[in-house]
Every structure is written in structure tokens, then in C-alpha cells.
Amino acid sequence: MFHAKEYYLDTFKVTEQDLDNLIAIAMGSGGTYADLFFENSVYCDLMLRDSKVASGGFHQDYGVGIRTLCGEKTGYAYSESTRPEAMRAAAASASAIGAGNIRNGDSIAAEDGYVPRLYKGKPNPAADRYPVTSNWQDAKPEELAKILYKLEDSLRGKDARILKIMAALSWQNSDVLMYNSYCELKYETRPMGTLAVSVILSDGQNMVNTHASRSFRSGCEMLTDALVEELAAEALKNMDDKFKAGRPKGGKMPVVMGAGASGILLHEAMGHAFEADFIRKGQSVFNGMLGKTICSDDITIVDDGTIKGNRGSINFDDEGVPAQRTVMVDHGVLTSFLHDRISARALGVQPTGNGRRESFRYAPIPRMRATYMESGSANPADIIASVKKGIYVDEFSNGQVKIGEGDFTFYVKSGYLIENGHLTMPVKDINIIGNGPRALGQITAVGNDALIDKGAWTCGKEQSAPVSCGIPTVLVDGLTVGGE
């Protein structure tokens, strides 16, 4: 969502001359690039417990982050005030931290080296990926609370075994204004709405905990009856099977990952190794692999910031670089990493719009957006039918990953044993253990049913960022299953 430029200047109580003055201070100790990131974020939430919406919260985060670069040195400082003296002090601090001697090639825009595309010009409302028709800040709390009551009523009408329901509705609007030493000025308002529910059920002998969420870059027009019903249905999906679930015998075996939420394994165990700060530091298993075949030619992996309304989408990243659809693996060949301006300059390529930060208190680093594998050619039913003995997983949780190496352990929240090509016993309390890049090379079938999950995914690499993930049904030939 875009307002007029004056709205953002007024919000942060600055003029365009103030921006130029701050850049000059930030570069005063030998910096060759500097940027400013202003943020005004308003967060609200409502919580339903024990059939009552009896709690909620409001928080506002406001300030500016100032960064100076000089070669490999970075100076960063922030201020929670936009009073002129506070901002000047932060700019001077960033300048002092990043102080250094100017050398040829130090600048991101060095004339004798890589010169990046510049991103001048006004934001284009016609290209907005998250237009808002009903602003969160105009919504009345009592109207928003009705959505939580509708969700509770829908759940209780579907399953008499429900003991407890906890539901939450949260939203935020973030006004951001960015300016840098290239005189690039960018501004926008970023919305986010999330509806989530946790349910505890009992059949008198066993208890089951389940959770579901939906999150979009949208205004409160997202809160429809259809969304409520969709979320309730997902929370109670296959509930009879979950009560029957047991722990199978473990070992090394084929694993079929179901379409959609299984993409979290793709994000965690493989996606981070494509982020170019790890490449620049020599910490990724994919160092030196650009242009080489790393998996089956049926596999294409994308990181996309352009999907309208998607939780991971952005109009431009936190360095002012327009978002794009970045193909990292094209039919098995590694074709691109995920870059911010620093890694792009270091590797002599264009930035990909992946420079993201948690807030104005943090410097941007390469981060994923919506990361997914595209559809392949196989029928999902045929993939399952091809497995004599293995595990089908449709939802993971509580994963642990060594980002550089890609070694992972993921807890299976929902799945089934595969026997002679059929889904049989529901399973629980098992882990899937493996190595992400190696597992990528062990994918032997890719379904034609790619699905991007709509849940409230948040990536925690040093700082939090909203993301989304997705995958088609895939067969990984030989992961370790931790069972009996």
C-alpha cells in the first residue's frame, strides 16, 4: 500500500534535505555508501481463551536505522527518536563504527568494478502487491472479536471431543521510508494479518493438540466466513487418524513429503544454503557450485517476493531493491543465490531483492521470501504407489538445522506409514533426520501438485522475518526415520 510521499515525510518529521544531511554525516569518516531506514509499525492482537475474548495488546515501534559501508566494514546505529539531534548522533555513530580509508573498489558503485542497477523513481501503486481495501487501523475491536467467536463456534460444531480452544487474531501496519547515498527514495505501508488457532481434544483415553493459521499481507478484508471455515477444517483435518496414530519402527527408508507445509524442510534444510552471505563467507555447501547440476532435472526451486498478498512478499526489500522472482535451481542446475546489495557487489551480480531486516534496529542481510519447489511431472498417487515401505509426511514441526552444512532433524506432526504402495497406519512421535543438500540430490520423483502454504511462517536467522514456503509431493529416497 502506498501513500503520498508527504505522508511518510510527515510521519517521520523529516524533509528531503534532512535525509541528504544525514547521509553526509554517515559518510563523513570515509564511508563509500550509506542508507537510512525509517519505520513506524503498529501491532495489535486479540486472544480468545475459555470462550471469551478477554485479552489483547497494542504496541508501536518507531525509529530509524542508519548504515555506513566502507569496503568490508559496516557501521550501524539506530535511534528510537527522529528528533534532529538524535538522528545526527546515530549517523555520526554509524560513521565512526564504519570508518576507514577509501580504496579503489570500496564503493558498492565503484566505477572500475561492478556497478549495480539504480532504483530511482516513485513507487508504482499499480504494481502494489498488497493493496488494502479495509484498513486494520479503522477496524473496531468488537468487530474483530466476532471473527474469533465465529471460529470457535465452527470448531465446536465439527467435533464434540474438543476440550479447549485458543484463538488469536493479530495485525500490523508498517510505514517505511528508505533513502541512500544514490539519492534513491522509497516508501510504502506494509500490512500483515494473521488468524491462528490451537485446539486440544480428548477421546477419553488420549489427547491430541492441533494448530492451524492463515497469514497474508492484507487489510481486514481477509477476514471472511470462508477463511474461518477453511481454518477450522484444517485444524481438525484427519482427527480420527490422529487419535489412532502410533510410533512405527525406525530406520532408513523412502520418505514422501506431502504438498504444501512440508516446504518448511525445503526452506530450513536447503534454502538457507542459497543465501549469499553464507556463500560470501565460504560457509555454504553450495560454494563453487553455481552453474552445476545439483539435483534431478525435474526440480526447479524459486524464491519469490512478487506473489500478491503472500506473507513473504514485498514490493521492494529493506534496501529499496525491487522484489523479483528468483530461480535458484532451474531444472536441476544451480543458477542463482539470494543477494542483498553487499553480497551482490562482492560476487559481481545484480541484487535479487533479498536484503531484509526485522526492524530499524537491525542491518539488512540476505533472507528468503516465499521459497518453493515448482511442480514436476509425476502424479502424487503414483509416487505413493511406488513405495513398498516408507513414510508419508504432510506436516513437520520443531525442526533443527545446521544452516551451513544443512544437517537437519524435523519432528513429524502428521503422517502415515506406506506399505506396498498404500497409506496405512497413522504415525506420530517420529523424527526425520538427514542432510538438506544431500536430500535434494535424493529426490527421485516430483509431483504435479505444487502448493504454497498460507500459514504464519517466521524465519529466525539472527532476526525474525515473515516468510512462506511450499512444495509439491516429492519422494526422497533414503532418509533416516527415528521411530521404535
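At 0% relative accessibility, Y8 counts as buried (under 20% relative accessible area, with exposed meaning over 50% and partly exposed in between, for a 1.4 Å probe and protein chains only). Y7, by contrast, is partly exposed, because its relative accessibility is 33%. The model is predicted, so that local features require pLDDT of at least 70 and side-chain atom pairs count only at pLDDT 80 or more, whereas totals for chains, interfaces and linings use all residues. Residues are numbered from 1 along each chain as its sequence is written, and side-chain values use heavy atoms, with hydrogens and water left out.

Ten aromatic pairs were found in a search of the whole structure. Rings of Phe, Tyr and Trp (its six-membered ring) pair if their centres lie within 6.5 Å; planes under 30 degrees apart count as stacked, over 60 as edge-to-face and the rest as tilted. The ring centres of Y7 and Y8 are 4.9 Å apart and their planes stand at 90 degrees, so this pair is edge-to-face. Y7, Y8 and Y187 are linked into a cluster by ring pairs.

Charged side chains also lie over rings (NZ of Lys or CZ of Arg within 6 Å of the ring centre and within 35 degrees of the ring normal). The charged end of R357 sits over the ring of F37, 4.1 Å from its centre, and R217 lies over the face of Y130 at 5.4 Å from the ring centre.

An open sheet is formed by six strands in the order β3-β2-β1-β4-β5-β6, with antiparallel pairing. Its edge strands, β3 (73–79) and β6 (207–216), each pair on one side only. Strands (E, at least two residues) and helices (H or I, at least four) are DSSP runs numbered from the N terminus, and two strands pair if DSSP finds at least two bridges between them. Strand β1 (residues 33–49) is joined to the antiparallel strand β4 (residues 162–180) by 15 bridges; R49 has M166 as its bridge partner in β4.

Helix α3 (residues 84–97) lies across β1, β2 and β3 and runs at about 165 degrees to β3. Such angles run from 0 to 180 degrees between N-to-C directions, with axes fitted to C-alpha atoms, for helices over the stretch in contact (heavy atoms within 4.5 Å).

The structure holds zero disulfides, a disulfide being a pair of cysteine sulfur atoms within 2.5 Å. The sulfur of C183 is 19 Å from the closest cysteine sulfur, in C70, and therefore too far for a bond. C70 is buried at 4% relative accessibility, whereas C183, at 45%, is partly exposed.
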